[in-house]
Amino acid sequence: METLAALLLAAFVAGYFVLAGADVGLGMLLPLLGRGRAERGSVLAAGIGPLFFANEVWLVAAAGVFAGCFPALEGELFGRLLPVLVPLLAGWLLRDAGLWWRRVSAAPVLDGLVVAGSWLLAGSWGWLLASLLVGGERPGPAPVVTGALTAAVVALLFLAHGLSLSTRRLVGEPLRRARQLTGGRTDGATRLLTSVVMAALPVLAGARLPLTEHAAGDTTLLFQLPLLCAALPLLLAAQWWLRRTASTTPHHNHPRGT
Amino acid sequence: MDAETLDLARWQFALTAGGHFLLVALTLGLATILAVLQTWATVRGGGGTAERLVRYWGRLYVINYGVGIVTGILMEFQLGMAWAGLGHYAGDAFGSSLALETVLAFFVESTFLALWLLGWDRFNRWVHLATLWVVTLTAYLSAYWILVANGFLNHPRGHRETADGRLELADPVALLANPNTLLAFGHVTAGALLTAAVFMAGVSAFHLVKNREEPDGFFRRSLRVGVFTALPALFVTVTFGGVQLAAIREWQPGKAATLDHDTAELARVQAEMVARFGPGDYLPDAALTRGAGLTMLLAFALLTLPLLASGLLALWPWAVRRLRVWHLTLMALVPLPYVAMIAGWVFREAGRQPWVVYGLLRTEDAVSQVSATQMRLSLAVFGPLFFVLIAVNWWLLLRAAGRGPHRTDLRVG
């Protein structure tokens, strides 16, 4: 049962890295791909916009599963990694605020929030993954040099993943610029490769955490695991429906949007 | 544990949770009103004023939803970052409610909110209506799961102690049916509906004062919806509040005695706690707890009379169109539910101190092993960030509210 809880946690974290990782990469590349508010809007709308926060919910759910199935470890780990989590959360918040407010305001500073927040978030993920990789069973914040190096590599991965997924959805000038950046070498195989790397990265980094030893008691797991496992296919179905809806064109006989 | 770390961690959690709570109050209440309005619009065949109402108030709902989410994210992580001792000692007993909240409620709510927004131009109107009901019901489910956790902290149920002195879940049904949770759920959700209804009435009154009524009576109708929702919501909120006040005399006598300023009872509670738990101060901060409790009661008292009068005035078409004094009064009422909500929350949470899990774990024993410098850094980052998020949220919300129902596009581009 402890293993099942660990697998569930891994699934949610991997889901976040694959789906939201591409959004973050796209946010980092925003100044390169789109010139002017309208173009940048089309980049965001293609990659993130119609789905709102539907990709980030994977991480929110992962943190919930972590707290529910491994409560003692969650507090210990988050407490010790506080200096890493502060910039990570700050980046996440800034990015979300920029994305959300962009819908109702044309202030140019909002694009800046999206870009800066995305970079801060990707870099912080690098530092966090470095901390997990070098920290063993009781990880603390990784040393600055290790952290910075990993952050650079992870930021590049986010960029590559964002590019590889976005070329399928972008149009017009942003698509041309994205193709220039990739040299036109993105296809199904690239998408699969970057997705697998993104999914594997956090799972490998977290593999050394003593999860099964610190799982919650049997009653707690028995209470929540069946519900969580039963929900997973339904969540996937709802997200698939959302993605399919976002890719269809709206009817034009109705006024647009709320 | 460093006393400064404890204070900073408490400040940070109070700001985060309090800010989140106020945003969510409006979101939850507006979602309910929207679901009913869209049901009405759908039954009548779509289009018309009912659909315009859903689009206008839906836009305000969505603006407010975003910052509610980001503050909620911070709260979720902060529980582990700053309060590791709580997860270590009691996470097994109540942490599952947080997992179930994120997966069964929040995940579904966010996904279906996106579906609802995209669905305007894409779905059959009944399917579109169904997506909004899923959003609304999962928002209530979310509030329920959070109050399962909060109810456990205030009045622990369904747990047992393990051999190594920690808590574990023994009886999930007792955890889920905790009377403290259920009463708070009724009180808070009705309070949220009251907050949204008064907001709706106040914004509509603003447009009527400015002579910006639409030809189809858009704001008159909104005002009536607000007033006729606020009255029953106020009644339900007060009822659940009264039942809770009676119940806490038994559950948390120190909290009740602080509100009553009953020195004899306070001395008795203190003596009883010392006998049970050893020497220490077992009474909550009197000024904060009592001040918050009285503020809450005062805000409700100030709302009651004008809302009762509004119930009558709303039946009189001339008053709805022209009675300026009443419109200005409705506008002035908008902050009052917020004051009552936040004061009620401070009363609930400050009044259970010094416990984080009532009678089982002290707040000072729950804080993470984090240096004061780290906690100060965290507060220095999140404090101003929060302030800006909430300030900009209100600015954008009021700006969109003031523009009226004509500009209702929420595309990202």
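Student: In which helix of chain A is L94(A) found?

Tutor: Please note that this is a predicted model. L94(A) belongs to helix α5 of chain A, which covers residues 82–101.

Student: Why does L94(A) count as buried?

Tutor: The criterion is a count of neighbours: 20 or more other C-beta atoms within 10 Å make a residue buried. L94(A) counts as buried because it has 23 C-beta neighbours inside 10 Å.

Student: Which residues does L94(A) touch, not counting those up to four places away in sequence?

Tutor: With that exclusion, its contacts are L113(A), A116(A), G117(A) and L120(A). As for A10(A), 84 residues separate it from L94(A) in sequence, and the C-alpha to C-alpha separation is 26 Å.

Student: How should I read a nonpolar core, and which residues have the most contacts inside the largest one?

Tutor: In soluble globular proteins, nonpolar side chains tend to be buried together. Here the largest nonpolar core has 229 residues, and A62(A) and V65(A) have the most contacts inside it. Helix α3 of chain B (residues 84–119) gives the most to this core, namely 22 residues. A second, separate core has 8 residues, including I248(B) and V269(B).

Student: How many residues of each chain are in contact where chain A meets chain B?

Tutor: The size of an interface is often given as the accessible area lost when the parts come together. Counted by residues, 66 of chain A are in contact with 68 of chain B. On the side of chain A, α10(A) gives the most, with 14 residues. By class, that side has 41 nonpolar, 19 polar and 6 charged residues.

Methods:
Residues numbered from 1 in each chain as written. Chains lettered and ligands numbered in written order. Predicted model: local features only at pLDDT ≥ 70, side-chain atom pairs only at ≥ 80, totals over all residues. Helix = DSSP H or I, 4+ residues; strand = E, 2+ residues; numbered from the N terminus. Buried ≥ 20, exposed ≤ 12 C-beta atoms within 10 Å, placed from the backbone. Contact = placed C-beta atoms within 7 Å. Core = buried A, V, L, I, M, F, W, Y, C linked by C-beta atoms within 7 Å. Nonpolar A, V, L, I, M, F, W, Y, C, P; charged D, E, K, R; others polar.
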